[in-house]
Amino acid sequence: MADWFKDSFRQEYDKQSVSVGRFNLAIFGKTGVGKSTLINAIFGEEVARTGIGQPVTRGSHLYIDKIGYLGIVDTQGLEVGKDNKEIISDLNKAMAQMRRMPLQEQLHVAWYCVRGMDRRFEDAEAEFVQRLHELGLPVIVVLTQVPLRDDRYHPDAIELAEQIAARKLPITGGLPFMTYARHDEFTGQPPHGLQGLLDATFRVAPEGVEGALTAAQEIDYVRKAKEAQKHIAVAATSAAAAAASPIPFSDAAVLVPIQLGMMARIAQIYKIKFDRAALLAVASTTAATSAGRATFTNLLKMVPGAGMVAGGVIGAGVASSFTYAMGQAWLAVCQRVAQGGFEAISSMMDNEQLREMFADEFKKRLRVRRDDSKING
Ligand SMILES: Nc1nc2c(ncn2[C@@H]2O[C@H](COP(=O)(O)OP(=O)(O)O)[C@@H](O)[C@H]2O)c(=O)[nH]1
Ligand SMILES: [Mg+2]
């Protein structure tokens, strides 16, 4: 891979990574209720493999584990119900300190987890939830490991949910969210309720961390696609602005950072790490023999009858159509990767398939745009 490409892509990738930021979730509940299982089900297995994190503030019993676009805060050595005072005091201190920092360093949402088949919700737990709310945290109460059959939750879980609702706590939706996080071999119980919990989390999270939450979660690919489309539109607009007064074909490189930034951002939405994303980007946008030429100019050559580039200059229309088509083609690649495609990106077959897929998508999208512009005059 050409050095210039890797360097420019790295630069854009890092910039985008800062801009995605981090979503920080505080998670509470007794040991064994299924907190880790729930986190893994929504945010991916990688989360489980990481260590125990670091104290949120010096001497605190609250630990934060930062894994990419996700921060998980939990307590260690303290138990909700027994040690409420200490936990709340630690949280209070931590949040006061965090408030002076950028949004991505603050706590955004709290999940309070109770096992659905536990028959009671103690006063101390209710009080703890109340305190979380008073600290300014949106609180979602989650019932874990709730059996579901024929569209009916287990009666014990329903009873517990009603018990909790009757306390009229300041919790999201006024009701606990029923979940089951991991398929059980023996009973055959499939997971459920995860999307509902995620949707609720999106509703109460600050607007500024939606992008990080979208990237961090691994169950809602519709949200990921929408987020990617948003960034494609932004890049297409930037490209049009950059070519507002037509630029010579030889200066097309001014569009490269815009396009690489867009590709980096989409890769991040799909949790594709830098090295892999760089390989994929090169493999899909360059001819096998000339790896490393400017992405944009190489793609120009793929367009049948490049008469669009009238008089050797690139205008706003072409710049934005190209960027748009590139974004769509790259999005298709990332979606395929997220579904487990192109595992061995170094193999010839994968490479060939990848290039073909990218080229097909690119041309398809480009045509659509040209037709659009005709229709709109
Ligand atoms: N099948 C199944 N097992 C679960 C579920 N949630 C938790 N468990 C199991 O319950 C045990 C405790 O879960 P864990 O996530 O470690 O609880 P934590 O202490 O709250 O983090 C583990 O053996 C999990 O595999 C679930 O939704 N389905
Ligand atoms: Mg755990």
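**Notebook: ligand shell, sheet and helix pair**

I began with the shell around ligand 1, which by class has 3 nonpolar, 8 polar and 3 charged residues. I note at the outset that this is a predicted model.

**Entry 1: the ligand.** I asked which residues come nearest to ligand 1. Of the 14 residues around it, these are Gly34, Lys35, Ser36, Thr37 and Ala181. I then looked up which element gives the most to this shell, and found helix α2, residues 35-43, with 3 residues.

**Entry 2: the sheet.** I followed the strands across and recorded an open sheet of 7, in the order β2-β3-β4-β1-β5-β6-β9, with mixed pairing. Strands β2 (54-55) and β9 (177-178) stand at the edges; each has a single partner strand, so one side of each is left without a neighbour in the sheet. I also looked at what packs on the sheet: helix α6, residues 155-165, touches β6 (139-144) and β9. The direction of α6 makes about 160° with that of β6.

I reminded myself that strands of a sheet pair through backbone hydrogen bonds, either parallel or antiparallel. How do β3 and β4 run? I found that β3 (residues 62-67) and β4 (residues 70-75) run antiparallel and are joined by 6 bridges. Within β4, Gly71 stands opposite Lys66.

**Entry 3: two packed helices.** I turned to helix α9, residues 221-242, and helix α10, residues 256-269. Their axes are 9 Å apart, and the helices pack at an angle of about 175°. An angle over 145 degrees counts as roughly antiparallel, and α9 and α10 are therefore roughly antiparallel to each other.

I listed the residues that meet. From α9 they include Lys224, Glu227, His231 and Ile232; from α10 they include Ile258, Gln259, Met262 and Arg265.

**Entry 4: confidence.** I checked how far the model may be read. The mean pLDDT of the protein is 87, and 86% of its residues reach 70 or more. Where does pLDDT stay under 50? One such stretch is residues 287-294, for which the model has 15 contacts beyond four places in sequence. Over residues 303-308 the pLDDT is also below 50, and this stretch has 4 contacts beyond near neighbours in sequence.

How values were computed
Residues numbered from 1 in each chain as written. Chains lettered and ligands numbered in written order. Predicted model: local features only at pLDDT ≥ 70, side-chain atom pairs only at ≥ 80, totals over all residues. Pairing = 2+ DSSP bridges. Helix = DSSP H or I, 4+ residues; strand = E, 2+ residues; numbered from the N terminus. Contact = placed C-beta atoms within 7 Å. Axes fitted to C-alpha atoms, helices over the stretch in contact; angles between N-to-C directions. Near = placed C-beta within 6 Å. Nonpolar A, V, L, I, M, F, W, Y, C, P; charged D, E, K, R; others polar. pLDDT = per-residue confidence, 0-100. Parallel < 35°, antiparallel > 145°, perpendicular 65-115°, else oblique.
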